[in-house]
Amino acid sequence: WFDLRPVLGDRDIWQELDRTVRAGIAENAAFLPLLANDCLGNLPPLTFFEDMVVEESGEQTDVFRLKHSALGPLVDVGRVFGLAAGGGLAGSTSERLRMAKSVWPEHQPVFRDAIETLRVVLYQQARLGIRSQTDGSELPPSLLSRHDRQVLKACFRSMLRLLEFTAKRVRW
């Protein structure tokens, strides 16, 4: 997953690994476009209709898969832009998106909205997880208020803009 943080011990080993990975990415022009292209495989849902989630394919399900349809794509895209911005193996998705926002200032709204979307989705996951004593990765729309649905629909649009921007950048 290209995520790594030193926790204990000799940081020189970690720093050497981080430098090696950055050099490998810099030397292989096809790596980031391939990684970016892989991000485009998981699209957010289109909307909620009654107590169903309407997927991009038109399929309707009775559960919103937060991890698969929201967190996964945000984390993946954050990783790509973090690496493209020169970040290494460490850093949270928010940190990576903030780094990308500073590297591509003309696209700040896309990254700012993605950071906010990440915050909203993590909040919903935590709230559901606490309520249901699960990992909160699958959210039945019936548990969402009208306001929560509207907020999540805005998040879906934000994620779609981020993925469209990623698709344009696939040729890096």
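The legends below describe close-up views of a predicted model.

**View 1**
The strands follow the order 1-2-3, and their pairing is antiparallel. Strand 1, residues 47-49, and strand 3, residues 60-61, are the edge strands, and each of them pairs on one side only. Between strand 1 and strand 2, which covers residues 52-54, the antiparallel pairing runs over three bridges. Within this part of the sheet, Phe48 stands opposite Val53 of strand 2.

**View 2. Glu50, in the loop between strand 1 and strand 2.**
Most residues other than glycine have a negative phi. Glu50 has a positive phi, near 55°. Its relative accessibility is 59%, so Glu50 counts as exposed, the cut-off being over 50%.

**View 3. The crossing of helix 3 and helix 5.**
Two packed helices are described by the angle and the distance between their axes. Helix 3 spans residues 66-84 and helix 5 spans residues 108-132; their axes come within 10 Å and cross at roughly 140°. The crossing of helix 3 past helix 5 is left-handed. From helix 3, the contact is made by Leu66, Ala70, Leu71, Leu74 and Phe81. From helix 5, the residues in the contact include Phe111, Ala114, Leu118, Val121 and Leu122, along with Thr117, Gln124 and Gln125. Sorted by class, this contact of helix 3 with helix 5 has ten nonpolar residues, three polar residues and no charged residues.

**View 4. Thr117 and its surroundings.**
Thr117 lies in helix 5 and is one of the residues through which helix 5 contacts helix 3. Thr117 counts as buried because its relative accessibility is 2%, and the cut-off for buried is under 20%. The side chains of Thr117 and Ser158 are joined by a polar contact of 3.1 Å. Apart from neighbours within four places in sequence, Thr117 is in contact with Leu74, Cys155, Ser158 and Met159.

**View 5. Asp18 and Thr20, in helix 1.**
Both views of helix 1, residues 11-27, are taken together here: Thr20 lies in this helix, and Asp18 is found in helix 1 as well. Asp18 has a relative accessible area of 6% and is therefore buried. When neighbours within four places in sequence are left aside, the contacts of Asp18 are with Gly88 and Leu89. Thr20 is partly exposed, with a relative accessibility of 45%. The side chain of Thr20 reaches the backbone oxygen of Glu16 at 2.8 Å.

**View 6. Leu40, in the loop between helix 2 and strand 1.**
Helix 2 covers residues 31-39, and Leu40 is placed in the loop between that helix and strand 1. The relative accessible area of Leu40 is 24%, so Leu40 is partly exposed. Along the chain, Leu40 and Thr166 are 126 residues apart; their C-alpha atoms are separated by 7.9 Å.

**View 7. Gln133, in the loop between helix 5 and strand 5.**
Strand 5 consists of residues 138-139, and Gln133 lies in the loop that comes between helix 5 and this strand. Gln133 is a residue other than glycine with a positive phi, near 55°. With a relative accessibility of 74%, Gln133 counts as exposed.

Definitions and conventions: Residues numbered from 1 in each chain as written. Predicted model: local features only at pLDDT ≥ 70, side-chain atom pairs only at ≥ 80, totals over all residues. Heavy atoms only, no water. Pairing = 2+ DSSP bridges. Helix = DSSP H or I, 4+ residues; strand = E, 2+ residues; numbered from the N terminus. Axes fitted to C-alpha atoms, helices over the stretch in contact; angles between N-to-C directions. Left-handed = near helix turned anticlockwise from the far one by under 90°. Contact = heavy atoms within 4.5 Å. Nonpolar A, V, L, I, M, F, W, Y, C, P; charged D, E, K, R; others polar. Buried < 20%, exposed > 50% of the residue type's maximum accessible area, 1.4 Å probe, protein only. Polar contact = N/O pair within 3.5 Å; in protein donor to acceptor, adjacent residues only side chain to side chain.
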